[in-house]
Every structure is written in structure tokens, then in C-alpha cells.
Amino acid sequence: MGFNVRVEPSGRQFEVAEGETVLEAAMRQHIGMPYGCKDGACASCKCKMTSGSVVHKPYQTAALSPEEQAQGMVLPCRALPQEDLVLEAPQVTAADAFPVRKMPARVSHLERLCPDVMQVTLQLPPNAPLQFHAGQYIDVLLPNGQRRSYSMASAPHQINPAQPLLDLHIRHMPGGTFTDHVFAAMKEKEILRVEGPLGSFYVREKTSAKPLVFLASGTGFAPVKAMLEDLVHTGSTRPATLYWGVRRPHDAYMHAWMRDFAAVHAHVRYVPVVSDALPEDVWEGERGLAVDVMLREIPDMRDCEVYACGTPIMVEVAHARCTTEAGLPETAFYSDAFVSQKDKAAA
């Protein structure tokens, strides 16, 4: 007797035969679940089980601690289902999605966009360009087995197959293993390993007539930039408004670029919102929280689609208020929350 496994948010489903691990069944049926060692040592396949139960074949506790297991985490490479399962594995994509690949990437250029945001331009292997939807992200694979996720600030059409260059906007998190390196020691020509595309944050129907509302905080601007450029490139004329929330004016690190982009494309509107402007900033634009400004200007969202990207609290508040106060349908809210390693540790 077999059991059914459903993987969210992709919705992929497959059957696990008796005595078969979840990963073995996924690989047999060409479901792209992440994995590394396949014997319970590296934790590359670890994910959250939200429904069902499993027993594990022997594994190393360094890959799955008792505390993690109590929280519902499982190792698909060692997990034997005891009933139907629902797993959370963002790396698993829909059946028609672009393939997830691991590849080397060379640091081509570094540019500080503001005091704590670095644009890292990566050169990917030529003649086999990464295929992705604007808005998706990649993981940087660190030597210690950890990974860091960054949204791609480039749109797909900007990737030249002969010399594929990809931009990331990386905010410095003091004490962060990777971002400390980016801001203090990273040099051009350094080689990284990356994996992608990942995530389900992208515009679904570009030909729809529904107005698009983008809400970003900090470097949540990166995937929105790519989505807006992609929409324009594909000929979409859907009305699109970006509310970009930052603390100080200089934190809107591509303010001039975004202002000029909106000026050229009449269907695009840009509203920067500063929460903590100081007198010396001489800020004359919107103040407060971006979500407040958005809901004041668009009190009825019943016919909109909202794409929110940034801090978890911003995304959570935006979802609650858009759906309860402005009538936004649950199915019309798309989000990508940036969770730092510090946030994960605190959680």
C-alpha cells in the first residue's frame, strides 16, 4: 500500500510505494526535490511536514535535531510515510516550471548602491542560460553547507546567452557569514556556486486587465524591478503601482532609476514612502508606512492583484489588511518574505 504526498506551494503530488522513502519516490517520478548525500547526513533535503506522519531510517542528528523533528521537520531522503503527507518545500516547482539547476557563478562586478546595499553582478556559464520568471530567486551555496537566498534583480530578457550576467541586491546584515564577506572581502572574479530558479513570486497573467499593486520594503525592490521590466518587455500595459517603503530617503537606493522608469511608461506609477525622515533629508514625499499609503490611495482592491516583497512583518500586515479592509481576494495576494538567518535563529 502506498501513500500520497503533496508538496506546497507548487501543488506537485506523487505516490510513495511501501518501503520507499519520499525522496526515492520523488526521483522515480521526476519530481525535483532538493537533495545532497541521500543518506541523512547533509540536510539538503530537509523540509517542513504540515500534515501526516513518517518514521525515519537511521540518519545523523546533525542533519535533523530532536527539536527540529518536534517542530515537524523531516528528511525526505530517510522518511518513510505512515499516511498521506503534505510537505512545504519551496524549491519544488510546478510541473511546467523551469528546471532548478546548480551552477558556478563568477563575480563580475560589485557596486555599492547605498551604504548597506551592494549590487553583485554574477556571470553565469555561457550558452546555457538560466531560465526563470521575473521575481524568482536563487540560492548562494556556501562552503559550510548553508545557503543564502537572493531575488534576481534582472529580468529574463536581459540575460545574454553568450555572456549571461545576473544582478543581485544584497543588504549587509552585520555579523552575517555571507554579507560580511560581500561587504568586506569579496572581489571580482571570485567563484560562487548558485542554485535556481526558486520560488513562486512572479506575475501570473501578464495579459490580464487587473491593476497590479506592488508593495516593497528595502531590497524587496529587487524582484519588483525585474517584474516591472519584464512586463514592459512583453508588451503588458496593465496599470502598475509600486509603493516602496524605506526608513530614510537614501534607502530607496534606485529612486532616480525608478522615477525615470515610471516617467517613460505611462501605465507605471511610483510612490516612495519614507518612515523615518530626518529634517536634513528635506523629504517632501509620502511619509509613514507604505501599506498605509497604499490602502489610503486604493481602499477598494476587489479587482486588483497585490505582490508584496520584504520583511515578514510587512508581508503579514499587508496580507491581513488588504484582505480584510480592502476586499482583496485571498487568491490575488502574492508574496515573498525575506527572512534572515538572524530571524530564523530568533524564531
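Analyst: Let's start with S151, which sits in strand β11 (residues 147–151). Strands (E, at least two residues) and helices (H or I, at least four) are DSSP runs, numbered from the N terminus. The model is a predicted one, where local features need pLDDT of at least 70 and side-chain atom pairs count only at pLDDT 80 or more, while totals for chains, interfaces and linings use all residues. Residues are numbered from 1 along each chain as its sequence is written, and side-chain values use heavy atoms, leaving out hydrogens and water.

User: Why is S151 called buried?

Analyst: Buried means under 20% relative accessible area, exposed means over 50%, and partly exposed is in between (1.4 Å probe, protein chains only). S151 has 4% relative accessibility, so the label is buried.

User: And which residues does S151 touch, leaving out those up to four places away in sequence?

Analyst: Contact means heavy atoms within 4.5 Å. By that rule S151 touches Q136, Y137, D167, L168, A222, P223, D336 and F338.

User: Is A252 buried or exposed?

Analyst: Its relative accessibility is 10%, so A252 counts as buried. A252 is in the loop between β15 and α5 and, setting aside residues up to four places away in sequence, touches W244, V246 and Y270. T219 is 33 residues from A252 along the chain, with 8.8 Å between their C-alpha atoms.

User: What makes T177 exposed?

Analyst: T177 has 52% relative accessibility, so it counts as exposed. You'll find T177 in helix α3 (residues 177–184). From T177 to L215 is 38 residues in sequence and 28 Å in space, C-alpha to C-alpha.

User: Which residues touch the most other members of the largest nonpolar core?

Analyst: A nonpolar core is a set of buried Ala, Val, Leu, Ile, Met, Phe, Trp, Tyr and Cys residues joined through side-chain atoms within 4.5 Å. The largest has 35 residues, and F214, L228, L242, W244, Y253, M258 and Y307 touch the most other members. Among the elements giving two or more residues to this core are β14 (212–217), α4 (221–233), β15 (240–246) and α5 (255–264). Helix α4 gives the most, with seven residues.

User: What does F214 contact, beyond neighbours within four places in sequence?

Analyst: F214 meets V203, V224, M227, L228, L231, A240, T241, L242, Y243 and Y307.

User: How do you know that α4 is roughly parallel to α5?

Analyst: Axes are lines fitted to C-alpha atoms, for helices over the stretch in contact, and angles run from 0 to 180 degrees between N-to-C directions. For α4 and α5 the angle is about 25 degrees, with the axes 12 Å apart. Therefore α4 is roughly parallel to α5, as angles under 35 degrees count as roughly parallel (over 145 is roughly antiparallel, 65 to 115 roughly perpendicular, the rest oblique).

User: Which residues form that meeting of α4 with α5?

Analyst: F221, K225, L228, E229 and V232 in α4 meet W257, M258 and F261 in α5. By class, that contact has six nonpolar, no polar and two charged residues. Here Ala, Val, Leu, Ile, Met, Phe, Trp, Tyr, Cys and Pro count as nonpolar, Asp, Glu, Lys and Arg as charged, and the others, Gly among them, as polar.

User: What hand does the crossing of α6 and α7 have?

Analyst: Right-handed. A crossing is right-handed if the near helix is turned clockwise from the far one by less than a right angle, and left-handed if anticlockwise. The crossing of α4 and α5 is left-handed.

User: What about the backbone, where is there a cis peptide bond?

Analyst: One joins E8 and P9, with omega about 5 degrees. Another joins G196 and P197, with omega about 0 degrees; P197 lies in strand β13 (residues 191–198).

User: What phi does K189 have?

Analyst: A positive one of about 80 degrees, although K189 is not a glycine. Most residues other than glycine have a negative phi. K189 lies in the loop between α3 and β13, and its 64% relative accessibility means K189 counts as exposed.
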